[in-house]
Amino acid sequence: MTAPILHGGGITEAAARFGGTPGDWLDLSTGINPCPVSLPEIDPHIWHRLPDRYVEEAARLAASRYYRTGDIMPLPVPGTQAAIQLLPRLVGTSKRAAVFAPTYGEYARVLAVAGIAVDSVERADDLTAAHRLAVVVNPNNPTGRLFLPEEILGMAEAMKAHGGLLVVDEAFGDLEPDASVARYAAAFDNLIVFRSFGKFFGLAGLRLGFVAAGAPVLRAFGEWLGPWAVSGPALAISAKLMEGDTDAIARGILARKAGLDAVLRTAGLKIAGGTGLFTLIENKRAYELHTALCEVHVLTRRFDYNPHWLRIGLTPDENGDRRLADALQRTGV
């Protein structure tokens, strides 16, 4: 049995160990917009009925516009993690896969549990004809590394030459629209793009993502997920929000990001990377800093594979920035 991945979140466990209630804590352990958007009004019947076809079609059309996928109508899935769980079915247990690392750990874990050999790679040149599947998170979690579209498409071409698939996880891509390759999924039948809805809109609890890919992959994923995989309210809410003023949401996130980074720099911490929704710091005493912050009820994300890293998410407002600044000053680390 493969060991579980250490993720962000876990505020209940942190409170049980260090005291207080979850509501007392400043949770900076996730890469989610801390200022969730207001929920739009939706037809009350949507709560009462199974998801009607027109509700799903409206969400897919909105997603095609928002993610710029052209003729492809992205498939809604109950969170990107659900799509990750399906990847072994595309590969076959006798094959190898490559994952650009370090990155979101569930890709390697899910593939390994299915009996697929997984190679950690850093460069496009590391991909070989032995790899039936390659995974790149772009922008990357947690480093923020960003491949340009032409680099990603070059990987897709290389994988296609030996019948391989390329999965591009753009969970943090909403603030980097020009870097997205979702619009090329129609031209590359071996390109699969995952998009997360909840991170940017601050609605992770909806458990909603979208997959952009060629018709055979979308058809297979749809069959494997079965009917009514995504709730009607999630579909209806996403359709309205993706058609709304997403530029205003982006401006709000970037303002919060600027506030976070200012606090970290003032505290003398080294910024090693990140995206618009979190910052990665590098510190030789990162584990001690994580623990010291927990003592004052501030939760960050540490990494079992790199004890010198902490990922710190955005605070919801300037009061949150001041609380973090005070907490860092009090730690003495």
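Student: What should I know before I start?
Tutor: The model is predicted, so local features need pLDDT of at least 70 and side-chain atom pairs count only at pLDDT 80 or more, while totals for chains, interfaces and linings use all residues. Residues are numbered from 1 along each chain as its sequence is written, and side-chain values use heavy atoms, with hydrogens and water left out.

Student: OK, what order do the strands of the seven-stranded sheet have?
Tutor: The open sheet runs S2-S8-S7-S6-S5-S3-S4 with mixed pairing, where strands are DSSP E runs of at least two residues and helices are H or I runs of at least four, numbered from the N terminus, and two strands pair if DSSP finds at least two bridges between them.

Student: And which strands are at the edges?
Tutor: Strand S2 (75–77) and strand S4 (117–121) are the edge strands, each pairing on one side only.

Student: How do S7 and S8 run, parallel or antiparallel?
Tutor: Strand S7 (residues 191–196) and strand S8 (residues 209–212) run antiparallel and are joined by four bridges, with Val193 opposite Ala212 in S8.

Student: Switching to helices, at what angle do H3 and H9 cross?
Tutor: The axes of helix H3 (residues 53–66) and helix H9 (residues 232–242) cross at roughly 35 degrees and come within 8 Å; axes are lines fitted to C-alpha atoms, for helices over the stretch in contact, and angles run from 0 to 180 degrees between N-to-C directions.

Student: Which residues touch there?
Tutor: Among them are Ala59 and Tyr66 of H3, and Leu235 and Met242 of H9, contact meaning heavy atoms within 4.5 Å.
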